[in-house]
Amino acid sequence: MYRVGYIDDEPTQFENYRRSLQRRCKELELVLIDDCESKQDILDKIYEKQIDVLLIDYKMVKSYGFNGTTLINYINDSMRDIQCFIMTAVDTEQITDGLVAERDKYSKNIFDTEAADPQKEAELSDFIQVLLESAKVFQVRRQQKLERYQELLDKKHQGELGADEEEFLELYKVLSSYGMVEKLPKNMLDSKFEERLQRILELGSAIISEHKME
């Protein structure tokens, strides 16, 4: 199962979209991202709900203070691999801020297939395939990140992490948010903390040895 996150400040059609998607593709589950007040809240919910691909409404300034394209820019700063699509009730040509490629903009009317129009059904079918492929790619990339994290973790245990520490911390942040690696206190991920801890343990051992000699 792949999880499609849906972000809209007025999600009145969410249930209709969810059922429409579920009828046509059992592998995709539409998940509402709600009860958020900020971009960071939304990002946290994406991690919490284990989202693989995102549908984001364009006009959200009234409720959030920013629009969907700005939100995508923010999300991709932290999650470069997740594919985000803009959904809009206006003409996609009116989205001119340059933050999202034309191929990633879709009209909400794409879900309107009640008239059984063959062309509309074909368009929705194509869109569903795009969502499915995007979700699959994201999961493969996430697995690749996990393998790289394990490689760096081994180097860390051997004291050989060095210049790769920043990459290790970035991978930990994403993978732990998705529940793919054990969460640890931030300072436990710092090599300097481990060095200090080792000195403390060595000092403790020396003190114990001195007491034994007495």
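Predicted model: local features only at pLDDT ≥ 70, side-chain atom pairs only at ≥ 80, totals over all residues.
Leaving aside residues up to four places away in sequence, Leu54 touches Gly5, Ile7, Ile46, Ile75, Ile82, Gln83, Cys84 and Phe85. Leu54 also belongs to the largest nonpolar core, a set of 27 residues, and is listed with Ile42, Ile46, Ile56, Ile75, Met79 and Ile82 as having the most contacts inside that core. Several elements contribute: α2 (39-48), β3 (53-57), α4 (68-78) and β4 (83-88) each supply at least two of the core residues. The largest share comes from α2, with four residues. Apart from this core lies another, of 23 residues, among them Phe14, Phe127, Leu132 and Ala135. As general background, nonpolar side chains in soluble globular proteins tend to be buried together.

The strands come next. Five of them form an open sheet in the order β2-β1-β3-β4-β5, and the pairing is parallel. Because β2 (28-32) and β5 (105-107) stand at the edges with a single partner strand each, one side of each is left without a neighbour in the sheet. From one strand to the next, the twist averages 30°.

What covers the detail of the pairing at β2? Strand β1 (residues 2-7) and β2 are joined in the parallel sense over five bridges. Within this pairing, valine 31 in β2 is the bridge partner of glycine 5, and leucine 32 in β2 stands opposite tyrosine 6. Although β2 is an edge strand, β2 is mostly covered, with four of its five residues buried.

Turning to the helices, a pair of packed helices is described by the angle between the axes and the distance between them. Helix α1 (residues 14-24) packs against helix α5 (residues 118-157) at an angle of about 85°, and their axes are 11 Å apart. The angle therefore makes α1 roughly perpendicular to α5. On the α1 side, the residues that meet α5 are Ser20, Leu21 and Arg24, while Glu121, Leu124, Ile128 and Leu131 are their counterparts in α5. Sorted by class, the contact between α1 and α5 has four nonpolar residues, one polar residue and two charged residues.

Definitions and conventions
Residues numbered from 1 in each chain as written. Heavy atoms only, no water. Pairing = 2+ DSSP bridges. Axes fitted to C-alpha atoms, helices over the stretch in contact; angles between N-to-C directions. Parallel < 35°, antiparallel > 145°, perpendicular 65-115°, else oblique. Contact = heavy atoms within 4.5 Å. Nonpolar A, V, L, I, M, F, W, Y, C, P; charged D, E, K, R; others polar. Core = buried A, V, L, I, M, F, W, Y, C linked by side-chain atoms within 4.5 Å. Buried < 20%, exposed > 50% of the residue type's maximum accessible area, 1.4 Å probe, protein only.
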